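The following exercises concern a single protein chain. Please work through each task before reading its solution.

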Amino acid sequence: MSNWIDSGGNEPRLCSVRPTNCETQRRRIGRPTRWQSAASLACALALIALIAPLGRARDRGQFVNTSTELKAWFDGLRSGKGPCCSDADGSAISDSDWESKDGHYRVRIPRLGYVIEGREQELVWVDVPEEAVISEPNRVGRTMVWPIYGYMGVTIRCFMPGSMT
């Protein structure tokens with residue numbers, strides 16, 4: 001039997017025999033120090049600042065056959081729901097994909113705004129809100145629609161009936 005009281009009784013003892021340094025114990029191995037983190041952040045920001053001027057907007061040819069006046073007209077199109085943006089954002093639809101009844105329009109457009117596994121999208125009929133109809137004359141002659149795809153489904157931001165004659 002050992003002398004429990006002579007060995008220190010119930011006083012707290014270190015689990016390790018070797019002495020430890022509190023600072024070393026608190027810091028995890030492999031974790032960078034504060035100045036190393038700040039230096040890496042500064043390097044990353046400097047790289048971004050150097051590379052940013054190289055990424056410029058460019059014309060990918062979508063307006064090659066469009067005159068500057070027609071492009072400016074598209075950019076200025078507005079409906080009661082706001083700006084339509086441009087020709088690149090809208091879609092031309094065929095005569096069989098839109099109809100008018102009692103002064104209201106509806107269009108047949110893809111249910112989703114993206115392609116799934118290369119298959120064609122299911123087309124759905126969507127009612128065009130009154131405020132989405134563009135009231136000015138159609139300069140391009142073709143029927144165009146600017147759909148908005150969201151989590152609630154598809155809505156129409158702008159609609160321009162063909163030739164308006």
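The model is predicted: local features need pLDDT of at least 70, side-chain atom pairs count only at pLDDT 80 or more, and totals for chains, interfaces and linings use all residues. Residues are numbered from 1 along each chain as its sequence is written, and side-chain values use heavy atoms, with hydrogens and water left out.

**Exercise 1.** Determine how many helices and strands the protein chain has and in what sequence they run.

Solution. Helices (H or I, at least four residues) and strands (E, at least two) are taken as DSSP runs, numbered from the N terminus. On this basis the protein chain contains three helices and eight strands. Read from the N terminus, the order is α-α-α-β-β-β-β-β-β-β-β.

**Exercise 2.** Identify the residues of the largest nonpolar core and the elements that supply them.

Solution. A nonpolar core is a set of buried Ala, Val, Leu, Ile, Met, Phe, Trp, Tyr and Cys residues joined through side-chain atoms within 4.5 Å; buried means under 20% relative accessible area, exposed over 50%, partly exposed in between (1.4 Å probe, protein chains only). The largest such core has 11 residues, including Ile93, Trp98, Val128, Ala132 and Phe159. Two or more residues each come from β5 (104-110) and β8 (153-160). The largest share, three residues, belongs to β8. Apart from this core lies another, of nine residues, among them Phe74, Leu77, Cys84 and Cys158. Of the 165 residues of the protein chain, 21% count as buried.

**Exercise 3.** Find which residue's charged end sits over the ring of Trp125.

Solution. The criterion requires NZ of Lys or CZ of Arg within 6 Å of the ring centre and within 35 degrees of the ring normal. Arg106 places its charged end over the Trp125 ring, 4.3 Å from the ring centre.
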